[in-house]
Amino acid sequence: MDFSQPLNPALLESTFGLFRFSRMVYAAAAVGVAAHMKDGPVEATELARLSGTHAPTLRSLLDALTAWGVFERNEQGQYGLTPFSHRLVPGSENAANLAMLLGWVGLPATYEAFGGLEHTLRTGEAAIGGSGGAGFYNYLREHPHDQGLYEAAMESSSSSFTDCVAAYDFSGIGLVVDVGGGQGAFALELLAKYPGLRAISYDLSEVVEGADNSSHPAHARLELCGGDAFRSVPSGGDLYVTSTVLRCFDDEACVRLLKSVRDAMPSHGKLVAYEMVMPETRDHAALCTADLLARAVYGGRDRTKAEFSDLFATAGLRLTRGISVRDPLQALEGEPV
Ligand SMILES: C[S@@+](CC[C@H](N)C(=O)[O-])C[C@H]1O[C@@H](n2cnc3c(N)ncnc32)[C@H](O)[C@@H]1O
């Protein structure tokens with residue numbers, strides 16, 4: 001389906017209940033049932049024992065998902081993997097998709113938040129974790145299991161990080177500070193391509209604590225640093241990066257964060273903000289939906305280039321150019337005014 005185009009009216013009504021399908025796939029992924037089929041088809045009671053699930057309900061779920069084409073059932077009534085459900089096996093070729101399903105797309109916290117869209121619609125506030133633009137991160141702090149899944153999802157975006165690194169020329173730069181850089185996945189991708197570069201990945205203390213990048217060949221050039229970007233960010237970076245961070249916050253919070261960056265950067269410093277950029281026509285179904293998700297989950301939003309330019313200007317930065325990474329993701333470059 002092409003989500004950049006309106007759906008055929010005949011299809012629209014059949015989408016109403018699709019959240020059920022997505023929850024079925026999520027539930028199967030969360031209990032890890034696919035991993036027990038990786039060596040061949042298995043009977044439902046045995047799968048229930050192996051996955052610690054309720055056998056009659058698991059059978060019901062597997063039947064439903066088999067009917068949808070996610071699993072298959074042989075003549076002995078055993079359930080096995082299809083090409084699609086291979087991606088639900090940890091360590092599979094599509095393990096990044098599994099991490100995104102478990103830690104973002106299907107994460108109960110984001111599902112709950114989007115389920116509360118009506119609250120966001122009435123108030124403009126995030127539907128989870130209270131108001132104030134940082135509610136979701138406060139929520140994760142109180143739910144370490146979800147926090148771990150969310151971090152793993154963010155770290156899994158490696159193909160997008162590769163494209164981000166390729167889209168911008170980092171040569172001649174000494175120190176990059178990745179603000180909201182999680183446990184350093186983006187910085188490591190960057191360091192692998194630029195052997196002369198050093199990087200700081202800066203994120204909330206609870207996110208960087210416990211990160212272990214020691215097996216990565218570039219880990220010695222990466223420093224993980226914990227703190228609150230609304231208060232300050234490490235100073236002296238030649239280039240500051242944010243990657244899908246601004247969409248997590250409302251305008252006022254974004255300006256505070258960008259001011260922290262502006263205050264920390266030397267006069268020759270630059271900012272590159274990787275963000276999905278809303279077209280002025282606001283007619284991209286997937287991106288308009290992502291905007292609503294950012295509002296309900298984070299109390300944030302997606303923005304047009306002109307709106308990013310206004311945010312930069314309020315924080316004392318000039319948006320100099322937007323480089324396309326892959327539609328609709330752009331590298332928005334800013335410099336001190
Ligand atoms: C949507 S994630 C993006 C992560 C990563 N940059 C990426 O592209 O996958 C936003 C990140 O901002 C971090 N963050 C949220 N509030 C922060 C704060 N006050 N200071 C520093 N980082 C923060 C989160 O912990 C999270 O890692």
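**Group meeting: a walk through the fold**

Of the 337 residues in this protein chain, 38% count as buried. Keep in mind that this is a predicted model. The chain holds 15 helices and nine strands.

Overall dimensions next. The C-alpha trace spans about 70 × 45 × 35 Å along its principal axes. How does the radius of gyration sit with a compact globule? For 337 residues, such a globule would come out near 20 Å, and the protein chain has 22 Å, which agrees. Now contacts. Take those with a separation of 6 or more: residues 24 or more positions apart account for 62% of them.

On to the helices. Start with α8, residues 135-142. Which of its residues are buried? Phe 136, Tyr 139 and Leu 140. They cover an arc of only 100° around the axis, so they sit on the same side of α8. What covers the buried residues of α8? The cover includes α6 (108-115), α9 (144-155) and α14 (285-298).

Stay with α9, and bring in α5, residues 95-105. The two axes come within 7 Å and cross at roughly 135°. That makes α5 oblique to α9. The crossing is left-handed. Who makes the contact? From α5, Ala 99, Met 100, Leu 102, Gly 103 and Trp 104. From α9, Leu 149, Tyr 150, Ala 152 and Ala 153.

First spot: Pro 328. It lies in the loop between β8 (317-326) and β9 (329-336). The peptide bond leading from Asp 327 to Pro 328 is cis, with omega near 5°.

Thr 244 is not a glycine, yet its phi is positive, about 45°. Buried or exposed? Thr 244 has 20 other C-beta atoms within 10 Å, and the cut-off for buried is 20 or more, so Thr 244 is buried.

Buried or exposed? Arg 282 has 11 other C-beta atoms within 10 Å, and exposed means 12 or fewer, so Arg 282 is exposed.

That's the tour. Over to you.

Definitions and conventions
Residues are numbered from 1 along each chain as its sequence is written. This is a predicted model: local features need pLDDT of at least 70, side-chain atom pairs count only at pLDDT 80 or more; totals for chains, interfaces and linings use all residues. Helices (H or I, at least four residues) and strands (E, at least two) are DSSP runs, numbered from the N terminus. The arc is that of the directions from the helix axis to the C-beta atoms. Two residues are in contact if their C-beta atoms, placed from the backbone, lie within 7 Å. The radius of gyration is taken over C-alpha atoms; the globule rule is 2.2 Å times the number of residues to the power 0.38. Axes are lines fitted to C-alpha atoms, for helices over the stretch in contact, and angles run from 0 to 180 degrees between N-to-C directions. Angles under 35 degrees count as roughly parallel, over 145 as roughly antiparallel, 65 to 115 as roughly perpendicular and the rest as oblique. A crossing is left-handed if the near helix is turned anticlockwise from the far one by less than a right angle, and right-handed if clockwise.
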